[in-house]
Amino acid sequence: MRALALAAALALTGPVAAQTLDDPEGTILGTGREDGSETGFRDWVTGFRAKALEAGVPAATYDAAMRGAHYLPDVVARDRRQSEFTKTIWDYLDVAVSEDRVALGKQALAKQADLLDRIEARYGVDKEVVVAIWGLESAYGTWRGDVPTISALATLAYDARRASFFEGQLVQALKILDQAHVAPGAMVGSWAGAMGHTQFMPSSWAEFAQDFDGDGRRDIWGDDPADALASTAHYLAKWGWQKDLPWGLEVKLPADFDYDQTTERVKKPVADWRLLGVQPMAGGDLPEGPEASILLPAGHTGPAFLIFPNFQVIEHYNLADAYVIAVGHLADRLRGGPTIAAAWPRQWRALTQDERKELQALLAAAGFDAGGVDGRIGPKTIAAVKAWQKAQGLTPDGYPSPDLLEKLR
Ligand code: CA
């Protein structure tokens, strides 16, 4: 039972919406269907049939799969809640890279050593990173989700908040069933339609899933993680993973550092950062490597990272800085690397959705365009925060803290 309780504790239900993760697909938030019901859902299933068949789903597959599908009100509730949910990066990392998750990851590395070595050799992706994603997505396969994927996707497509995205995912999921890669009853996953050990959406499965054990099925759902871990390595390789190069590392900035340089969009050769006085927190010299950027995920009073192109590769899994740092840092810890040394500004909480909107409105009123009042802290909002901080003679780190909101008020 301890294993199960641990898995529950390690399950990272829902994303880290503190920054820009609310809507990772970048789709426009609609209002959704407020009158959702099983009756309305059945009508939708009947109506969507022609579209699915036109997209290449055989009629028999559609009818069999959709007969067993149901409207899942919990899925809609979770989807609504996701937009409101906020968590600070340090609260997220406490769970994402807990000592338990590090210890279990080391066990997984040892237990699957042969498989992981073969996957690393074939795809050229460091095995610790693959295992870190496995650890975050499903607590190393122990928490793969139990929501029937077809019902979840059909509910989200019917709900209409992001209909076209989920219609496409549903069609792809039906094709997976049609090709018998998984038994219909075994196609389960998260409430949002992510499946298997490393939580692939059906579209990612279609593009990247691998049949590593050679049994003819690309099976990311079953107990054996071979196909799923190979699929993840393949995914990272296709997005440009560079083996043996870091994702990033914690650095120390000099006291007189120019904070205009702290954004992912400012890229410089490592030698230039060295000249600017950037040093590894753990001592020694900065690694040789391609162009890098400085990232301050919690503003200038928190840890600073020098990030490399592999950071952007992990972003293809999930855009949130917190997620990418968690994957990279967990991988480092699995190699025996140190914990993050600088303290997080734990006195701050995350801004709520309403506060984020208020922040954007106040910035706009002060003449600093935050790119609209949508509650999403993207590059434009961060740039507006920086410009306002500069105008006020504050350190322009772009971090939207409760303290900053208070000052703006
Ligand atoms: Ca297989």
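**Views of a predicted protein chain**

View 1. Of its 409 residues, 53% count as buried, meaning under 20% relative accessible area with a 1.4 Å probe, protein chains only. This is a predicted model, where local features need pLDDT of at least 70 and side-chain atom pairs count only at pLDDT 80 or more, while totals for chains, interfaces and linings use all residues. Residues are numbered from 1 along each chain as its sequence is written, and side-chain values use heavy atoms, leaving out hydrogens and water. The protein chain exposes about 17400 Å², with carbon and sulfur atoms supplying 52% of that area (Shrake-Rupley method, 1.4 Å probe).

**View 2. The overall fold.** Look for 18 helices and six strands in the protein chain; these are DSSP runs, with helices (H or I) of at least four residues and strands (E) of at least two, numbered from the N terminus. The C-alpha trace spans about 70 × 55 × 40 Å along its principal axes.

**View 3. Where helix α8 meets helix α12.** Here α8 (residues 127-138) packs against α12 (residues 226-238) at an angle of about 115 degrees, and their axes lie 10 Å apart. Each axis is a line fitted to C-alpha atoms over the stretch in contact, and angles run from 0 to 180 degrees between N-to-C directions. From α8 come Val129, Val130, Ile133 and Trp134, which meet Leu229, Thr232, Ala233 and Leu236 of α12; contact means heavy atoms within 4.5 Å. By class, this contact has seven nonpolar residues, one polar and no charged ones. Ala, Val, Leu, Ile, Met, Phe, Trp, Tyr, Cys and Pro count as nonpolar, Asp, Glu, Lys and Arg as charged, and the others, Gly among them, as polar.

Notes. Buried means under 20% relative accessible area, exposed over 50%, partly exposed in between (1.4 Å probe, protein chains only).
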